[in-house]
Amino acid sequence: MVETLEWTDAGVVMIDQTRLPRETVFVTCKDYREVAQAIKDMIIRGAPAIGVAAAMGIAIGVQKEDPSKFDEICETLGKTRPTAVNLFWGIERMRKLYASLAGQPLDVVRKRMIEEAQAVKDEDIACCKAIGRFGADLVPDGKIVLTHCNAGALATAGYGTALGVIRGAVEQGKKIAVYADETRPFLQGSRLTAWELQQDGIDVTIITDNMAGHFLKSGNIGCVVVGADRIAANGDVANKIGTYSVAVLAKENNVPFYVAAPISTLDLAIPDGDHIPIEERSSQEVTEIKGVHIAPEGLAARHPGFDVTPNRYVHAIITERGVARAPYTESLAALAKG
Ligand code: MRU
């Protein structure tokens with residue numbers, strides 16, 4: 001399976017997700033500003049992956065910068081992308097450790113920050129594998145699983161959340177196939193989900209986003225599994241733009257709609273999805289593909305990167321600690337307590 005990001009002596013090495021699947025190119029971020037830029041430019045993307053990248057960005061910042069710059073490092077990384085709460089979770093975890101090391105020699109602090117960033121990465125892979133084991137039981141054998149965006153190895157430190165559930169089901173010996181929504185406008189489905197499942201030899205077919213209703217109605221889709229960028233206390237789920245439409249279509253056709261996400265994606269401080277900040281990305285990503293205009297020049301276009309699926313469409317939320325079901329205010333709070 002692909003290595004999404006790695007800590008090395010030369011810097012934080014990431015596979016460049018803007019260039020997949022045409023080229024497999026690795027980028028080395030040599031300081032925290034380069035890590036922040038890579039997150040902004042979506043060289044690395046996916047909620048858990050950007051949480052790990054932020055932790056590594058802080059670790060590299062602490063190696064190279066004066067200790068007086070610590071807050072600036074955290075703030076720069078915190079200003080990259082607003083929706084995925086894992087980013088802020090990763091920063092907070094590194095901040096807490098840094099505060100607890102006050103008064104220690106700088107070389108000790110630097111070493112501990114690297115170890116912590118590594119631990120954030122290792123724990124994320126372990127979380128994904130646990131999500132995969134819990135989720136695999138919910139996937140019907142002999143059916144198609146529909147997914148939206150990329151919640152795979154590329155969106156995490158490895159293995160994936162939604163694709164972790166699919167990998168878990170395949171490891172259980174279930175005979176399943178995957179329909180990957182193309183996921184306009186950034187094409188995470190056709191470029192990334194299709195690529196990584198093909199690498200693993202998992203049966204995957206690309207559909208355009210507007211075909212989802214047609215196939216959900218056909219009866220061959222056993223369930224929908226998606227990832228999440230932020231889950232409010234009541235179980236409302238922010239995920240890639242287009243997820244909400246898929247959830248409504250799934251309910252209309254009695255197809256279970258599952259969300260797979262680590263506990264670090266829960267934001268129990270907000271009561272519902274109306275409080276989730278939605279990133280507005282460049283309209284160029286809608287009107288152009290790799291610099292080629294696909295709309296008349298100079299026309300307005302909107303590009304919210306995410307939407308919020310109300311909890312009533314969510315059959316279950318699969319975490320590394322188990323499966324939460326409605327009422328989510330209680331089930332998520334219980335899982336978060338551990
Ligand atoms: O804009 P992106 O590509 O970072 O959005 C990613 C998603 O919406 C994923 O579904 C989500 O982060 C879950 S990744 C395990």
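The model is a predicted one. Its largest pocket holds about 330 Å³ of space, and its largest cavity holds about 170 Å³. The largest pocket lies between domain 1 (5–128) and domain 2 (132–337), because both domains give residues to its lining. The largest cavity also has lining residues from both domains, so this cavity too lies between them.

**The largest pocket**

- The space in the largest pocket amounts to about 330 Å³. Its lining is made of 14 residues, and those closest to the centre are Pro185, Phe186, Glu288, Ile289 and Lys290.
- Two elements, helix H10 (284–287) and strand E12 (288–289), each contribute at least two residues to this lining.
- Sorted by class, the lining of the largest pocket contains six nonpolar, three polar and five charged residues.

**The loop between E5 and H7**

- Proline 185, one of the residues closest to the centre of the largest pocket, is found in the loop between strand E5 (177–181) and helix H7 (188–199).
- The peptide bond that leads from arginine 184 to proline 185 is cis, and its omega is near 0 degrees.
- Threonine 183 is also placed in the loop between E5 and H7. This residue has a positive phi of about 70 degrees, although it is not a glycine.

**The second largest pocket**

- The second largest pocket contains about 170 Å³ of space. It is lined by 14 residues, and Trp89, Cys127, Pro262, Ser264 and Glu320 lie nearest its centre.
- Helix H2 (47–64), helix H4 (85–100) and helix H5 (106–136) are the elements that give two or more residues to this lining. The largest share, four residues, comes from H5.
- By class, the lining of the second largest pocket divides into seven nonpolar, two polar and five charged residues.
- Domain 1 (5–128) and domain 2 (132–337) both supply residues to this lining, and the second largest pocket therefore lies between them.

**The largest cavity**

- The count of cavities of 30 Å³ or more comes to two.
- Of the 22 residues in its lining, Arg45, Gly46, Ala47, Asn150 and Asp229 are the closest to its centre.
- H2 and strand E9 (237–240) each provide at least two residues of the lining of the largest cavity.
- This lining is made up of 11 nonpolar, seven polar and four charged residues.

**The second largest cavity**

- The volume of the second largest cavity is about 50 Å³. The residues that line it are Gly61, Val62, Glu65, Asp66, Pro67, Phe70, Ile73, Tyr98 and Leu106.
- The elements giving two or more residues to this lining are H2 and helix H3 (70–78).
- Six residues of this lining are nonpolar, one is polar and two are charged.

**Helices H1 and H2**

- Two packed helices are described by the angle between their axes and by the distance between the axes.
- Helix H1 (residues 32–40) packs with H2 at an angle of about 165 degrees, and the two axes are 8 Å apart. Angles over 145 degrees count as roughly antiparallel, and H1 and H2 are therefore roughly antiparallel to each other.
- The crossing in which H1 passes H2 is left-handed.
- H2 also gives residues to the lining of the second largest pocket, the largest cavity and the second largest cavity.

**A further cis peptide bond**

- The peptide bond from alanine 326 to proline 327 is cis, with omega near 0 degrees.
- Proline 327 lies in the loop between strand E16 (322–324) and helix H11 (328–337).

Key: Residues numbered from 1 in each chain as written. Predicted model: local features only at pLDDT ≥ 70, side-chain atom pairs only at ≥ 80, totals over all residues. Heavy atoms only, no water. 1 Å grid on protein atoms, 1.4 Å probe; cavity = no way out; pocket = protein on both sides within 12 Å on 5 of 7 lines; lining within 4 Å. Points joined across faces, edges and corners; volume = space filled by probe spheres on them. Nonpolar A, V, L, I, M, F, W, Y, C, P; charged D, E, K, R; others polar. Domains from an automatic or database assignment. Axes fitted to C-alpha atoms, helices over the stretch in contact; angles between N-to-C directions. Parallel < 35°, antiparallel > 145°, perpendicular 65-115°, else oblique. Left-handed = near helix turned anticlockwise from the far one by under 90°.
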